[in-house]
Amino acid sequence: MKKRLWVSIINILIMSSMLAFVVLYSTFESRKGTRTQIEHFKNTTITMERVTENYLEGEQRICDVWTHYINTKEMTMEEAVSFIRVSHVLAEASAHIVYADTRVGLSTKAKLGTTDDYAVSYNTADLQDLLNDTSWISPIGTSINVSRAYTNPINGKQSIAFCNFVTLQKDDQPTQAILLRLLPVSELISTWVFPKEEYESAELSIIDADGDYIIKGASFKNASFFEFYRSYNAIDAASAPEFFEKITTTAGSFTMLNSHNQECIVAHKPFDAAGRWTLISLMPMADLATNSQNWLLISVTTSGLLLLFIFDLVVMRYFNKKLQAAAKVAESASQAKTDFLSTMSHDIRTPMNAIIGLTTITEKNLGDQKLVAENLRKINLASNHLLTLINDILDISKIESGKLNLTPQNFSIVATVENLMNLSQPTIKEKNIDFSFHISRMDKEYLYADQLRLNQIYINLLSNAIKYTEPEGKVCIDMKEEESEKEGCVKLTFKVSDTGIGMSPEFMANMYQPFSRQTDSRVNKIQGTGLGLAITKQMVDLMQGTIDCESEQGKGTTFTVVLDIPVADQQRAEMKLEAMEVLIIDDDEILLETAVDTMKSLGLSVEQATSGLEGLGMIRHREETGKNYDIVIIDLKMPDIDGIETIRRIRSEIKTKVPILLISAYSWSDVEDQAKDAGVNGFLSKPLFRSTLYDKISEILETETESAEIENDYSDLEGMNILVAEDNDINWEIISALLSMYGITTERAENGRIALEKVKEAEKGKYALVFMDIQMPEMNGLDATRAIRALEDPWASSIPIVAMTADAFAENVTECLQAGMNGHIAKPIDIKLVIKVIQKIKEESKQ
Amino acid sequence: MKKLFRFAAALMMTSLLASCGGDDKEEFKPSLDPETKCDIRVVGDYSNFEALEAEFDKFNEFYPKVTLSYQKIDDYTNNLGTALSKESDAPNIFFSYASCMAGGDKYESARAHMEDLSDPSLKLNLDCIRSGLLNHGDSGEVYMVPVFSRTYGTMVNLDLFKKENIEIPATWNELLAACQSFLDKGYESPMMGYSAKDSSCLMNTIAYPAFVAELAKKPEALAKANNLDPEAGEYMRGALTKVKDLVDSGAIDIDKCNLISDNYTQVILRFFEGDVPMMIAAADTVSGTKKRESQSTAFSESPFEYTYIPIPLTDQGGYFIDSPSVEFSVNKDCENLDMTNEFMRFLVRTEELNAMASIKRLVTPTKKLSFDPVYAAFGEIPAERTFSPEGLGVKDPLAKQIRLASFKVGKGTLTVDEAVSMYGSLE
C-alpha cells in the first residue's frame, strides 16, 4: 500500500513538474511574445509619429510658401485672402488671416450657411488663448507652428491651424497679421492608418506638454491625458511630474488601466518639430495579438499526462495483479515442491529403509529359508513401490517440460485389461475389496494407441480407487465401447467407481495440480506421490480425451475417462464356435447380461442362473432329461454357495462330466488347487471378453485357435542363448542369473563394439537375440545396433535386438526402434516382462 | 378549486412584490439590434465631460459597436449653429440652455434642429425629472432635457463649526449670529466667495434667490422685471439689503474675497485651505470640489467634512433656486437618430442621471435629490421656498440686472437706493 502511494506521489510529482515546466515555458514564451508585440506597437507608434510629423511639415511648408509670397508682394488682407483662395488645393482646407493686434480678419471661405460672410474673429473667450500669446509662432521656416485643435468658427469643424506671421498693407502701412491654414482634424486622423488586423482597437491622441489633448481619441478620457491616467491609475504626487515629463520627452511604452478597468498598453513618442506635442497610442492588452497563454498546449499536456497516469495506474494495477497472482502461484508451486520434496524424501526413504533393513536381516539369517523368502517378498514390494515413485517423478518432469510424447502402436485391449487386473489383484485381495469389472460391447480387440500411457491412465485411476477405499469396500470398473464421432475410432469409456474416502470440493478444484494431495489423516497413511492424477489428466489431454470426476467425501469417487482411440488395421479373424448349449451361473446380473450377449455372438446357446443352487437345479434337470449342457461357466464368488462348492456338488451329486469353467475377477493363486480338486476344467478371468471366451471354450473343447497361449510354460525357452551387451557388472550378473532361472544361457559383451564383434563372428543361430544396453563405453548400444544391421550376413543383420536400458522415456524407445531394435525393456527389469518379450520374439521367429 | 385559488393568490403576491421592488430603478431594455455599428457625437461647451464618458461605457455594454464621443465646441454659443448646419459629421446631441436658447434669433438655427423629446414613441422617462426643470412648449413639447441643475448656496466647513462649537445656521438671524461668533473667535471673514468680477460673484449668489423669491410672490412684478421696468428695482431692495448687511456686519470681507482670482478653481482651493467657515458659491462651483480635494495640498494634509446649504436669508430658512444647468437636445437631422434616441432613453433615467451628477458633483435633475449628501439639504427645502426661474419665466436681462446691482452694492460702488433706482439701466 505504501509502495503504491509512493509510486502515485512520484507520478504526480513528475506530472506536476512537467506541467509546471509547460506552464512556465508557455508563460515565458507568452511574455516574450508580449514584449515583442509591445515593442512592435511602440515601433508602429514611432512610425505614426513620423508619418504625422511629415504630414504636419508638409502642411506647414504650404503655409510657409503662402507667407513668403504674401510678404514679398506687399498684399492687403483682401489680396492675400484672394491669393490663398486661388492657391487652395484641398477641399477641406481653409485659411484665416487676422490682424495680430485685433485678432479679427477674413476667412478664405464664407461662414457656413452664408455666401458672403468671410469675417472671422479670434476674440471669443474660447479662442482668445490661441492668439493672445503668439510666442509659439516661430519665424517662417524654422519650425512647425501648429495650433491646438479648436472649432473652426467658419464651418464648426474641429481643426488645427498652421500659422505664420505675415505682413499686410493696411492703410498703406505694413501691419503684422497672422496667417492660419486650417485643416480639419479628420484630415490628420485619416493619415493614421494602423495595421488593422493587428491593432484594430488601437487609438491615437496628441497631447501637449501639459498632457492636454490636442487631438483626442474616443477611448481617451478627461480633458488631459495625465488626468485620464490619474483617474484610473494610482500614482503618488511626488513621482507623477517625472512620469509625465518622461511621456512628453521620450519615446517609450507603459501599461495603464482605462475606464473599463482594462489593462492597456500605451506607447508615446514626442514630435521632433511640432512644439512639445506627443503622439500617444493606446490599446487594450487583451487585444494585443499575443498568444497569451497557450492553453491548448497546457490542456492537451494536462489531459495527456492525466490519461497516461490513469492508464499507467490501470496497467500497473493489472500487471501487479497478474504478478501477484503469478507470484502466488509460484509461491504455491514452490511450497508444493518443497512439500513434495519433503514427501518424496519420506516416501523414498521408507521403501529404501525397508530394502536396506530387510537385506541386512536376510544376510544375517541366510539359513532360515522361510524368513529369507518372506524378506525377499517384502524387498520386492518395496522395490516396486520405489520404482513407481521414480517413474511418476520422471513422468511429471517430462510433462512439466512439455516433452511427453505419445508412441502409438497396435495393442490388444484385452491384454491391457488383463494386465490391469494382474497388477491390481494383489491389493484387491489384500484389502478384501469387493471388485467387479463390467464390459459392454467390446467388439474391437486391437486398437492403435500408446498402450503404455493408456495403461498408466487406467492403472492410476484403479490403483487410486483401491488405495483410497477402506478394506471390505467396493470398487467397480465399467468399460464400454461405443461408436466414435472420429472416423476410424471407437469411443472407449473407462469408469472407475469406489466407495472410498471421497474428496472435498476444495481439493477437487486443484486435484489435477501436480504435488497436490488431500489433507486428510486417512490419506496421510497411504503411500502416494500426489502426481498420479496430474499425470493422468495430462495424458488424457494428450490423447485428446476427457476425464470427469464425481466425488463426495465419505461416500466415494467416480472417475470417467472417455477416449477416442483409433482401431487397428488388423483384427482377429471371425470368431464362431460350434452350436453348443452353455449355462452361466453368476449373481452379477450385469455380467450375466453382457456374457450372454457375448456368447450368443459366438454362436452359443446360453442359459443363465443367478446362484449356485439355481444352477445346480438346472444342470440336474438337464441330466435327468438327457440334454446336458455342453459347457457350464460358474462365478467364483456367489452369496449362497460359491463357485467351488457349486462345482463340487455338480461333480458329486449330479456326477456329470460336463466341462466347467470357473470365472473370477480375483487372483487364482489361492483357489486354484481347491478348484481343481472340486473338478474344474479351466479358469476364466473377468471381464469376459469375446476373445477370452472364444479362446477358453475352444481350448476346453480342444479346438485349435490362432491365439491360444500356454501360460506358465517356459520349457521352450530352455537352451536359448542370448547375447547381453552390458557394461555394468551387477546388471550383467542380475540378468544372467534371472534368465538362467528359465534355462536360458547368456554371453556378455562389455560394450557395443564387443557385441558387434561377437555377432559378426557368431555362427548362424548362435544367439536367439541380443539384449543391448544403450549407454556403454567405446560404442553405445544405438551405434552397435546400427552396425549390426549393416552387417552383410543376413542372419547377423536381422538378429533380434532388444534394448535393455535405464533410458526409459518414450523418445528413448523411439530412438531405439529407429536404430533398428525390435523392442525396449526399461531398467530396472521385470523378469516376467523380459520372458514375455523373449517368448514373443521366439514366436515371431517361428513364423 | 382550492388549488386555483392558491395559484391566483400566489400570482397576485408575485405581482405585488415585483411592483414594490420597482422603486426608482427603471430597467433599460435595448430596443435596437445590439450589433448596430454607428457613431454618436455629443458636443457642448464643457472642456471635458467624464461623467458622460462613463455613461458611454455603460451604454456600450448594451451596444458594444456604437462609438460615442464627446467634443467641446469652442465659442459654443456662436459656433453651435454652424456645427449643426454641417452637411456631414453634425453632432447627434448638443448642450442646450433654456435660459438663453428658449427665445431669440441667435439660437433659431439651433432650435430648428431640436427634436421633441416628449414624443411618446421615444419612450423617454421624463417623469424622473423634477417638473420645474422641464421647459415645455405651447403644446407640451420638450426640446431640452436637463442633465444637471444649478442652485445657489454656500459651502460649509462642518469641522470648523464643530471645532468652534457653533451651530449650522438655519435662519437669517442664526446666520448673523454664527458669523459674529466666528468674528469673535478671530475669523476675519466668516463668509467668503468670488467678488473680483460680477460673473458668478458671491453677491449675486446671495441676492438672486431672494430676488426671484420676491418676484415669484408677485406675478406683475416679474413682468415688470423682465421688461426692465425701473419700477421693478424696488423688488431688489430686500435682496440687496441682505448683501449689504452681510458686508457691513463683517461677515463678508470683500477685500479678502477680491484676492480669489477666479470664480471656480480658486474659490474651491481657498475653501480647502480650511479656515473659511462658509464659502458662498453656485452649485456649478461646488461640482469641482471632489476632483480638487486631491489637488489641494492643504485639504490633503488636513481634510475636513463639508456640505452645501442654501443661505438662510429668511427667518424660515433659505431658498432652493432650481435651475437647469446643462440640458441635452437631440439633433433631429443627425445621422443614426434611432440610436441617438436609444441613448437618450438610456440616459434619462434616475439611475444614470444621478450617476452623472455624482461624478460631476452637480445637482441632479431627478426627484431623488437626497442621494448626494453634499446637496441633501436642498431636498429638505419646502415647496414654498423652492423656485424655478425658468419655470417662472425669468429672463436673462433680469438676471443681469440683479447680478450687477448686487455686485456693485457689495463692492460699495452703489448704495442700495442707487441700485434700486438704476434697475433696467445697470451695465
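Residues are numbered from 1 along each chain as its sequence is written, and chains are lettered from A, with ligands numbered from 1, in the order in which they are written. Because the model is predicted, local features need pLDDT of at least 70 and side-chain atom pairs count only at pLDDT 80 or more, while totals for chains, interfaces and linings use all residues.

**The two chains**

The table sets out the composition of each chain. Helices (H or I, at least four residues) and strands (E, at least two) are DSSP runs, numbered from the N terminus. A residue is buried if 20 or more other C-beta atoms lie within 10 Å of its own, exposed if 12 or fewer, and partly exposed in between, with C-beta atoms placed from the backbone.

Two residues are in contact if their C-beta atoms, placed from the backbone, lie within 7 Å. In chain A, residues 24 or more positions apart account for 65% of the contacts with a separation of 6 or more. In chain B, 77% of the contacts between residues at least 6 apart in sequence join residues at least 24 apart.

**The interface**

Chain A brings 19 residues into contact with 18 residues of chain B. On the chain A side, the elements that give two or more residues are α3 (125-132) and β4 (150-151), and α3(A) supplies the largest share, three residues. This side divides into seven nonpolar, nine polar and three charged residues. In this division, Ala, Val, Leu, Ile, Met, Phe, Trp, Tyr, Cys and Pro count as nonpolar, Asp, Glu, Lys and Arg as charged, and the others, Gly among them, as polar.

**Nonpolar cores**

A nonpolar core is a set of buried Ala, Val, Leu, Ile, Met, Phe, Trp, Tyr and Cys residues joined through C-beta atoms within 7 Å. The largest has 126 residues, and B:Ala207, B:Phe211 and B:Met236 have the most contacts inside it. Helix α8 (residues 202-217) of chain B gives the largest share of this core, 11 residues. The core lies between domain 1 (29-143 + 324-362) and domain 2 (152-322 + 378-421) of chain B, because both give residues to it; the domain bounds come from an automatic or database domain assignment. Leaving aside residues up to four places away in sequence, B:Met236 touches B:Phe211, B:Ile402, B:Ala405, B:Ala419, B:Val420 and B:Tyr423.

**Helix α17 of chain A**

Helix α17 (residues 643-654) of chain A has 12 residues. Its buried residues are A:Gly643, A:Ile644, A:Thr646, A:Ile647 and A:Ile650. They lie on the same side of α17(A), because they cover an arc of only 165° around the axis, the arc being that of the directions from the helix axis to the C-beta atoms. Among the elements covering these buried residues are β19 (581-585), α16 (612-625) and α18 (672-678) of chain A. The face turned away from the buried side carries the exposed residues A:Ser652 and A:Glu653. After α17(A) comes A:Lys655, whose phi is positive, near 55°.

**B:Phe328**

B:Phe328 is placed in strand β10 (residues 323-330) of chain B. This residue counts as buried because it has 21 C-beta neighbours inside 10 Å. Its C-alpha atom is separated by 5.4 Å from that of B:Met144, 184 residues apart along the chain. Not counting residues up to four places away in sequence, B:Phe328 touches B:Ile93, B:Phe95, B:Ser96, B:Val145 and B:Val147.

Conventions: Expected span 1.5 Å × (residues − 1).
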